[in-house]
Amino acid sequence: MVPIYVIGLGFYMVPILLARGRVSGTAYEPFTGRLLYHLLGTRPDAASLQLAPGLPAANRGTLNLLVRPMAWVSRVTGFVPKAFLYPPLRPTSEGAMVGARCEFLDKALRDHVAAGDQVVILGAGWDTRAYGLLAGRDAALFEVDALATQAVKRAAIEKTGLDALHVTFVTCDFNRQSWLDALETHGFDPQRCTFVLWEGVTMYLEEQAIQSTLRAVATLPPGSRIAFDFFTREWIDGVAGRMGQWALVATYGESLAFGFSVLPDFEGRLGAYMAEQGLVLENCRPMGDEREGRVPYGGLAVAVTPEA
Ligand SMILES: C[S@@+](CC[C@H](N)C(=O)[O-])C[C@H]1O[C@@H](n2cnc3c(N)ncnc32)[C@H](O)[C@@H]1O
């Protein structure tokens with residue numbers, strides 16, 4: 001299959017390189033992961049399959065020469081590479097990060113989004129939860145992203161006929177603008193309980209954007225939550241992180257900016273950081289080496305707005 005995969009990889013990479021620095025390329029990685037889980041039958045996400053042909057790098061060449069053949073080989077042989085396993089194994093390898101965060105964040109959404117709530121997906125990329133897992137939950141849904149990336153998604157939605165009438169699209173540059181201000185001009189109600197999904201975004205932001213996002217959630221009604229994944233500062237500064245950084249810049253022209261410091265006490269450090277921004281850390285887990293005192297490459301967390 002390798003020659004077929006190589007041609008398929010060309011169909012995938014060329015549109016990403018052509019839009020490098022303008023439209024998010026990293027958004028394709030979690031999208032492709034979730035699409036593969038769907039094709040392997042382990043995490044249903046029909047909307048991702050519908051949306052794919054509308055996205056430049058998930059075009060029919062990529063689908064038919066790379067993604068579908070990979071899923072087909074796994075189905076026929078019964079061999080599923082660890083990176084494609086859903087739910088993934090623990091401890092979570094770097095290759096299985098997409099699955100781990102997907103599992104953790106899906107559960108947080110299922111556990112905490114109630115009818116009448118608002119859900120804000122920050123840095124939505126090609127996320128399709130608004131058209132699957134969250135559709136029909138009677139929650140107001142907002143997708144926030146950088147202008148050019150969101151324009152590509154909206155064009156793909158139009159082209160593929162995905163039903164997005166129940167979703168409000170808002171553009172924002174998190175490093176320069178307040179997403180809360182941007183949302184409030186689009187019908188968002190700051191008095192309503194809100195769940196903020198922040199998947200695959202923290203690592204690309206400046207620290208002031210991290211803090212202002214957490215502080216914004218702390219101004220929302222008690223019981224509002226933010227769920228997110230992150231890289232650790234210790235990992236980003238180490239050899240593996242520097243190599244990852246190099247690969248990310250070379251491939252997508254995007255670079256790692258922020259990581260949470262987690263040594264020597266993962267939960268304690270993260271909890272203290274959340275408390276400084278006015279939130280309570282409700283749930284967290286490391287990704288990578290989970291042994292005490294070791295450096296996990298990242299983590300997953302849910303923080304909640306406390307009663308005043
Ligand atoms: C790796 S993708 C994750 C997409 C999606 N959350 C997912 O998990 O499939 C990162 C997303 O964050 C957005 N993003 C990164 N930096 C941003 C910024 N400064 N302002 C607005 N959006 C940003 C990108 O446009 C992209 O959609």
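Arg 285 is buried, with a relative accessible area of 9%, where buried denotes under 20% relative accessible area, exposed over 50%, and partly exposed the range in between (1.4 Å probe, protein chains only). The model is predicted, and local features need pLDDT of at least 70, side-chain atom pairs count only at pLDDT 80 or more, and totals for chains, interfaces and linings use all residues. Residues are numbered from 1 along each chain as its sequence is written, and side-chain values use heavy atoms, with hydrogens and water left out.

Arg 285 forms a salt bridge with Glu 290, the closest N and O atoms being 3.9 Å apart; a salt bridge is a side-chain nitrogen of Lys or Arg within 4 Å of a carboxyl oxygen of Asp or Glu.

In total, the structure holds 17 salt bridges. Side chains of opposite charge can pair when their charged atoms come close. In the pair Arg 129 and Asp 127, the closest N and O atoms are 2.6 Å apart, and both residues are buried. Arg 129 and Asp 127 also belong to a network of salt bridges that links them with Arg 34, Arg 43, Asp 45, Arg 101, Asp 106, Glu 199 and Asp 229.

Two members of this network, Arg 34 and Glu 199, are among the closest residues to the ligand, together with Gly 123, Asp 145 and Phe 174. The ligand is surrounded by 21 residues, a residue being counted if one of its heavy atoms lies within 4 Å of the ligand. By class, this shell has nine nonpolar, seven polar and five charged residues. In this classification Ala, Val, Leu, Ile, Met, Phe, Trp, Tyr, Cys and Pro count as nonpolar, Asp, Glu, Lys and Arg as charged, and the others, Gly among them, as polar. Domain 1 (2-84) and domain 2 (94-304) both contribute residues to the shell, so the ligand lies between them.

Polar side-chain atoms of Arg 34 and Asp 145 each lie by an oxygen atom of the ligand, at 2.7 Å for Arg 34 and 2.6 Å for Asp 145. Glu 199 instead places a backbone N or O atom 2.8 Å from a nitrogen atom of the ligand. The protein covers 92% of the 590 Å² of accessible area that the ligand has on its own.

A search of the whole structure finds zero disulfides, a disulfide being a pair of cysteine sulfur atoms within 2.5 Å. The sulfur of Cys 284 is 19 Å from the closest cysteine sulfur, in Cys 102, which is too far for a bond. Cys 284 is buried, with a relative accessible area of 17%, and Cys 172 is buried at 5%.

Methods
A polar contact is a pair of N or O atoms within 3.5 Å; within protein, one must be able to donate a hydrogen and the other to accept it, and residues adjacent in sequence count only if both atoms are side-chain atoms. Accessible areas come from the Shrake-Rupley method with a 1.4 Å probe; for residues, only the protein chains shown count as cover. Domain bounds come from an automatic or database domain assignment.
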